[in-house]
Protein chains: 2
Amino acid sequence: MTIAHHHRPIAFTSVELTDRLWAPRQQVVRERTVPFLYGQMVKIGAIEALDVTRPPGPLAFPYRRNNTSTSVMYWDSDIAKWIETASYTLASHRDPKLDALIDEVVAKIAEAQEPDGYFNSFFQRREPARKWSNLRDWHELYCLGHMIEAAVAHHRATGKRILLDVVLRQVDLVTRLFGPAAGQKRGYCGHPEIELALIKLYRLTGDRRHLELASYFVDERGSQPHYFDIEARARGADPADYWFGTYEYNQSHMPVRQQDRVVGHAVRAMYLYCAMADLAAEKQDESLLEACRRLWADLTGKRLYVTGGLGPSASNEGFTTDYDLPNETAYAETCAAVGLVFWGHRMALLEGDGRYGDAMEQALYNGALSGLSLDGERYFYENPLASRGDHHRWIWHRCPCCPPNIARLVASLGGYMYSHAPGELAVHLYAESAARLDVDGVPVTVHQVTQYPWDGAVALGIDPQAPAEFTLCLRLPGWCRAPAIAVNGQSVSLADVAARGYARLQRKWQAGDRVTLDLPMPVERLYAHPGIRADQGRVALRRGPVVYCVEAVDAAAPPDLLALPRGEALSVRHEADLLGGVATLSGTALALEQAGDALYRTEPQRRVPVPFRAVPYHSWDHRAPGEMVVWLLEA
Amino acid sequence: MTIAHHHRPIAFTSVELTDRLWAPRQQVVRERTVPFLYGQMVKIGAIEALDVTRPPGPLAFPYRRNNTSTSVMYWDSDIAKWIETASYTLASHRDPKLDALIDEVVAKIAEAQEPDGYFNSFFQRREPARKWSNLRDWHELYCLGHMIEAAVAHHRATGKRILLDVVLRQVDLVTRLFGPAAGQKRGYCGHPEIELALIKLYRLTGDRRHLELASYFVDERGSQPHYFDIEARARGADPADYWFGTYEYNQSHMPVRQQDRVVGHAVRAMYLYCAMADLAAEKQDESLLEACRRLWADLTGKRLYVTGGLGPSASNEGFTTDYDLPNETAYAETCAAVGLVFWGHRMALLEGDGRYGDAMEQALYNGALSGLSLDGERYFYENPLASRGDHHRWIWHRCPCCPPNIARLVASLGGYMYSHAPGELAVHLYAESAARLDVDGVPVTVHQVTQYPWDGAVALGIDPQAPAEFTLCLRLPGWCRAPAIAVNGQSVSLADVAARGYARLQRKWQAGDRVTLDLPMPVERLYAHPGIRADQGRVALRRGPVVYCVEAVDAAAPPDLLALPRGEALSVRHEADLLGGVATLSGTALALEQAGDALYRTEPQRRVPVPFRAVPYHSWDHRAPGEMVVWLLEA
């Protein structure tokens, strides 16, 4: 597992989840979220807007200041993410009605596509004269990127080509329009996305031009003279009037290989870094890998919430300064945590280092999953780590990027669990499931029997079609202090096989082989780096990969007034009827209680013992509204 | 001391401070701040702008969005506060050059005044057609208010009438223009100030019309139909476009007698409440007093920093929600703390309750005084309670309201120390000084010999010109747990004489009487109400009226990482050579120290003993720049 010998992801179609956490979530995505999102897109007019021959009515969401942009510009991307999500669900569950509905939407897109390959319902209908005139703000290539991802998913799920052909035609157009040759635009999108999409496309088509176009967009980013300056002047605008002030906002402040700090809009950053990792893998580009390593170290060492959330600030939907991770005002957009899952997955495959999987898992089980309600029809855009009781999932948003983003991740989660390389099969995530994989051409079935993430015992059945020599790489989560492994009942010395967060079990595997992985998951108290002021004197609770929170409904005193004594033992209970079935933590905290109303006094607050229960952060805000905290005071 | 029998303030000219804190500050205000501020006003063109016949050049500070306002509109008020400050200094220190300079500026103002009495250099020069057209935003009456305060101070200090006559003419004009009669405007200023100024004027002139105009402005505020709506429509504007969204911003959201929460712009609030208290006193208005009491309880019970700073938010320069008192981002404008001194002083005189003097003293010694550098030439606009090392006093500001505001308070501080009523003489503040007062017509000299605020022993010499029966009311600071009093060496039982924060010593006083007041001031730890999240698990240090902070230069570890063990003893030392001579606190804290760079870990931080020194908050940012905290973690 080096850059010379990196792992490949598996198809999302290879894994069937049967666990008690993800499988029910996949079911609600399929049965509730997909129809719900379609209904919303009809309601806001996004589907109708695909008919570019209809005269546009008033804008659903008007241009913001200075005519810079409107969220209607991104509707195509939301439709694309819906197609992508719906396609993932089709792969595992045939649904002729949904199949037909996707075809209907795809047909509208194909119908709208112009002869030269152009498709963007917003610009075709409303601003035909302004195509490609503002790559910095207007998301045309971003929308195409999502449509490419949708087309790849749709093709992989159904074998159909109609959407794939649409995007191939548009990619051809973009390949003609953008590049270093005379008459071409030396541009790239203000919102990275098309780059990673083109690499996905390349992995389907094998067409090297798709890889090279992605590479061009990534390499060109941040070079001087700056394309967004040139483009602004061409529009008659002053580049200095850029709303966000700095090109850090879209990570074009310098060439990507020089970047060493995660800056700007967090989702843009994650999508860009995904493409950099993909290109590092596909093109054996050590300089891009180095940049990814630096950026990863910066993110995970200084700018990541304990929930795997990222981007603390609403003002740029992104990063601020080192250790600036306020809890109540955390922006921590769902899409950004989803993006970290994407990036962590790519880094894990590229580097074979368990810490990438650790962060992927951290974001997945906490700051990403929190974005989706248990019923699949409510969504967090922002994922704060504390609330006064006024933050709730909403039904829709003027910028509805998050619902289909978490939905497509959940629906395709199987694709993140395994990877393969010559002579190697790696397991990155654990959940009860059956997978049909392939190692060096030999089909291998892998079963996982486990209650993960509520229990750390994982029984793996490794059944190659024929006996085969390969290394089974099992991720040893960084949160686990004492993992243990046995193969066919025989204990394995981890000292001999563990390296960089993976146990490497090399042998001739044959049908019937059984591996048991035991990952003890006591309740852990987490302490933040002292640089994070918001968490000073506070403690977070984690068990396995799951970060906990305390909601008002689970304590007799406001959660933000609970101080947890350092020695207090916490008991774990699996509550099958709570929040879809979760492990909860219970104990007694000391509630700060003040006699009288004085704002300041010379006596410390009294501390009154109060029993409390903590629930997984990802499942908060499903009961009576009230305060919530992740970081408890420590007594 | 009831509303029926309230105390009157004494003239600022009655007291000469000779202490080691205020007297040197008064000296730098006289010798440095007054010339410095004049120089700055020349430099920015504010003095030149008094010549309204000169064509205006480009605006020094342009209109902000939508042409709403420019800080140049308020230049007259800054000139006025300079005249007021300079006049205060003249009263105690004859300075013919300064006297002449004030006369020169006053002459320009008199020269500019229009025949009907109008004077406002901005509108006369730049916007003559827009006089009185936007009381909500444009501060015309506010500027006049400050000019009235200047005129009163100038007259009291020098006996000269020229500025007084100018403002009397303009007050006549305003009296004709504003009121309930047909053809009059039913308006009032968006920024309260003229109301309290008119009452000051009334106390000088005895002209009841001045009191009634103040009363009209206060009574009319917030009534419906709302004047600012009417006025906006008259300008062709939509009232709904009001930049601040709510009339809470300028406390005109409802009639003042109904108000029970401190809201909006903090300085405006303080100035309005001052006028309400003055009117309650002058007009025996119980309903206004009740409103003042409610607002006071709201401020001091839920919305006041431990430094006496107020108004946490930059966005409205004002109040937000209960217990929302963040430290690092505290706006806590110097002017607002100065305003609290003004209001607390009025409430103390009106109610004779020591808690008003407590808050006045809290703001005075901490959040107000911090605004002025030791050399008198640097100023804080914002007074945060924590800094990462990037917050410093500045030389000037586009809205230079704070420097002359804290300067005029310092220069006239003697006026806040005493008050009198029939048969009563009250001491509200302690500082080494000599005062010439008057009780029931009998001149009384009061000397204070004390090292206050660094030591709590106060020796008072009470020397009436002739023996006189009256009650000497000595404020017993709320921070003092065990005050002791002796009269002529004889101990007085406080149980017999103390009520509502004052010791009432009734006797026939005669020359040579000596009162000793002992106010033991151990170091106190303050704990905030648990609702103040920013201070949970933290402790502030106070000794006497002085709140302390820790600066980076005084600790071997960053101050924000210091945790103070609950039992840790702190030693007090008077350091004559430090920061102009202050008492410092020293002890050992535990610095949070983390091995390695991990953002989150399961082990608590190591705690390493680190000696530290705390200095008065008001004197911070005079040495090497670095972090500062008021609220230390408590271990």
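Modeller: A term comes first: a salt bridge is a side-chain nitrogen of Lys or Arg within 4 Å of a carboxyl oxygen of Asp or Glu. This is a predicted model, in which local features need pLDDT of at least 70, side-chain atom pairs count only at pLDDT 80 or more, and totals for chains, interfaces and linings use all residues. Residues are numbered from 1 along each chain as its sequence is written, chains are lettered from A and ligands numbered from 1 in the order in which they are written, and side-chain values use heavy atoms, with hydrogens and water left out.

Biologist: How many salt bridges does the rule find across the interface of chain B and chain A?

Modeller: One of the residues in such a bridge is A:R533, which pairs with B:D560. Their closest N and O atoms are 3.4 Å apart. Across the interface of chain B and chain A, the count is eight.

Biologist: What area is buried between chain B and chain A?

Modeller: Contact means heavy atoms within 4.5 Å, and 46 residues of chain B and 47 residues of chain A take part. Buried area is the accessible area (1.4 Å probe) that two parts lose on being put together, summed over both. Carbon and sulfur atoms give 49% of a total of about 3,600 Å².

Biologist: Which element gives the largest share of the side of chain B that touches chain A?

Modeller: Helices (H or I, at least four residues) and strands (E, at least two) are DSSP runs, numbered from the N terminus. In chain B, α11 (286-302), β15 (523-528), β16 (538-543) and β21 (600-601) each supply at least two residues of the side that touches chain A. The largest share, five residues, comes from β15(B).

Biologist: Which residue of β15(B) stands opposite A:R601?

Modeller: Two strands pair if DSSP finds at least two bridges between them. Strand β21 (residues 600-601) of chain A is joined to β15(B) by two bridges, and the strands run antiparallel. Opposite A:R601 stands B:Y527.

Biologist: Is A:Q251 buried or exposed?

Modeller: A:Q251 lies in the loop between α9 and α10 (266-282) of chain A, and has a positive phi of about 60° although it is not a glycine. Most residues other than glycine have a negative phi. Buried means under 20% relative accessible area, exposed over 50% and partly exposed in between (1.4 Å probe, protein chains only). At 0% relative accessibility, A:Q251 is therefore buried.

Biologist: Why is strand β6 of chain A largely enclosed by the rest of the structure?

Modeller: Strand β2 (residues 15-17) of chain A is joined to β6(A) by three bridges and runs antiparallel to it. Seven bridges join β6(A) to strand β7 (residues 442-450) of chain A, also antiparallel. Strand β6 (residues 433-439) is largely enclosed because the buried residues number five of the seven.

Biologist: Which residue takes a positive phi in the hairpin of β6(A) and β7(A)?

Modeller: In β7(A), the bridge partner of A:R436 is A:T445. The hairpin has two residues between the strands. The residue with a positive phi, near 50°, is A:D440.
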